[in-house]
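Student: I would like a close look at a single part of this model. Please take one residue and the elements around it.

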Amino acid sequence: MADKWMCDCCHVNEAIGAASSGYIPYSFAWCRTCLQHPVHPEPEWVLSYLYYEVGDHGKGLVPDDQLPGTFKDDRYWTWREWADWAATQPDPPRETEDEVVQAGMDRHG
Ligand SMILES: [Zn+2]
């Protein structure tokens with residue numbers, strides 16, 4: 001019976017409720033820490049989707065302060081920190097929008 005309802009964002013804390021993403025038409029389970037965190041974290045695949053699929057390597061998006069942060073490697077990241085890191089990474093394989101969303105749901109759903 002180890003099935004706690006975990007936060008979809010940090011995967012560390014127990015979720016306190018579900019709420020919509022601010023960026024894509026999905027709802028996630030959130031813990032209190034993530035909901036209250038000033039970087040407005042979302043699951044990392046949401047950032048990846050915005051960076052590669054909505055923007056062109058992060059270009060053409062709304063200002064950084066209107067974009068989500070995330071939780072990765074045991075800490076919170078702002079959008080800018082994450083985008084700077086993403087710029088050093090090889091491009092992911094091209095996927096259709098449906099595949100990107102489905103892959104995210106498979107990983108975390
Ligand atoms: Zn969390």
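Student: Which residues does Tyr76 touch, not counting residues up to four places away in sequence?

Tutor: Some conventions come first. This is a predicted model, in which local features need pLDDT of at least 70, side-chain atom pairs count only at pLDDT 80 or more, and totals for chains, interfaces and linings use all residues. Residues are numbered from 1 along each chain as its sequence is written.

Leaving out residues up to four places away in sequence, Tyr76 touches His37, Val39, Pro41, Gly69 and Phe71 (contact: C-beta atoms, placed from the backbone, within 7 Å). Pro41 is 35 residues apart from Tyr76 along the chain, and their C-alpha atoms are separated by 7.3 Å. Tyr76 is partly exposed, because 19 other C-beta atoms lie within 10 Å; a residue is buried at 20 or more such atoms, exposed at 12 or fewer, and partly exposed in between, with C-beta atoms placed from the backbone.

Tyr76 lies in strand 4. Helices (H or I, at least four residues) and strands (E, at least two) are DSSP runs, numbered from the N terminus. Strand 4 (75-77) is one of the elements against which the buried residues of helix 3 pack, along with helix 2 (44-54) and strand 3 (70-72). In helix 3 (residues 79-86), those buried residues are Trp79, Trp82 and Ala83. Seen down the helix axis, they fall within an arc of 100°, so they line one face of helix 3; the arc is that of the directions from the helix axis to the C-beta atoms. The face turned away from the buried side of helix 3 carries Asp84 and Trp85, which are exposed.

Definitions and conventions
Contact = placed C-beta atoms within 7 Å.
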